[in-house]
Amino acid sequence: MNIEPQSVPLRMVIVDDSSHFLDAARNLLEHDGIDVVGVASRSAEAIELVAALRPDVILVDVDLGEESGFDLAQQLVVFEDVRVVLISAYPESELADLIAASPVDGFVSKSELSAEALSNLFGSQRG
């Protein structure tokens, strides 16, 4: 999946327990041409949104307060044709083993989140 400005906008759901981050990420990604079709702060809300909206990509924070983004990612992979990308303020190196053991399509640090970072992530995956 390539994320290109000339193509149909990528449809995305963002899951994070911080309303401040949800607002900032939505503004940033929409400015980059991504269609943020929904945001959620809890796992149950995220699953309902994904089932109803069928986005192309779901960004999931690894730390959802009392919930685990890793657990949510495991539940979301049942949706076909949806890519799950973990995000975190923690560096990837601190989460590498957990990310590798999860069924997600990748990881992007919150500080590096952009349409370009997602495009680079998906562009590096073959097949």
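Which residue stands opposite Ile58 in E3? The residue is Val13, and the report below sets this pair in the context of the whole fold.

**Basis of the model**

This is a predicted model, in which local features need a pLDDT of at least 70, side-chain atom pairs count only at pLDDT 80 or more, and totals for chains, interfaces and linings use all residues. Residues are numbered from 1 along each chain as its sequence is written, and side-chain values use heavy atoms, with hydrogens and water left out.

The pLDDT is the predictor's confidence in each residue, on a scale from 0 to 100. Its average for the protein is 90, and 91% of the residues score at least 70. Over residues 1–6, however, the pLDDT is below 50, and this stretch has 11 contacts in the model beyond near neighbours in sequence. A contact means heavy atoms within 4.5 Å. Where pLDDT is low, the predicted coordinates should not be read in detail.

**Overall form**

The protein contains five helices and seven strands. Helices (H or I, at least four residues) and strands (E, at least two) are DSSP runs, numbered from the N terminus. In order from the N terminus, the elements are β-α-β-α-β-β-β-α-β-α-β-α.

The C-alpha trace spans about 40 × 30 × 30 Å along its principal axes. Of the contacts with a separation of 6 or more, 61% are between residues 24 or more positions apart. Buried residues make up 43% of the 127 residues; buried means under 20% relative accessible area, exposed over 50%, and partly exposed in between, with a 1.4 Å probe and protein chains only.

**The sheet and its strand E3**

Five strands form an open sheet in the order E2-E1-E3-E6-E7, with parallel pairing. Strands E2 (35–40) and E7 (106–109) are the edge strands, each pairing on one side only. From one strand to the next, the twist averages 25 degrees. Two strands are said to pair if DSSP finds at least two bridges between them.

Strand E3 (residues 57–61) is mostly covered, for five of its five residues are buried. Val57, Leu59 and Asp61 point one way from E3, while Ile58 and Val60 point the other way. In a regular strand the side chains alternate between the two faces of the sheet.

E3 pairs with two strands in the parallel sense: E1 (residues 11–15) over four bridges, and E6 (residues 83–88) over five bridges. The table lists residues that stand opposite each other in these pairings.

| Residue in E3 | Residue opposite |
|---|---|
| Val57 | Met12 |
| Ile58 | Val13 |

Helix H5 (residues 115–123) lies across E1, E3, E6 and E7, and runs at about 155 degrees to E7. Axes here are lines fitted to C-alpha atoms, for helices over the stretch in contact, and angles run from 0 to 180 degrees between N-to-C directions.

Ser43 is found in helix H2 (residues 43–53). Is Ser43 buried or exposed? Ser43 is buried, because its relative accessible area is 10%. Leaving aside its neighbours within four places in sequence, Ser43 is in contact with Leu64, Glu67 and Leu72.
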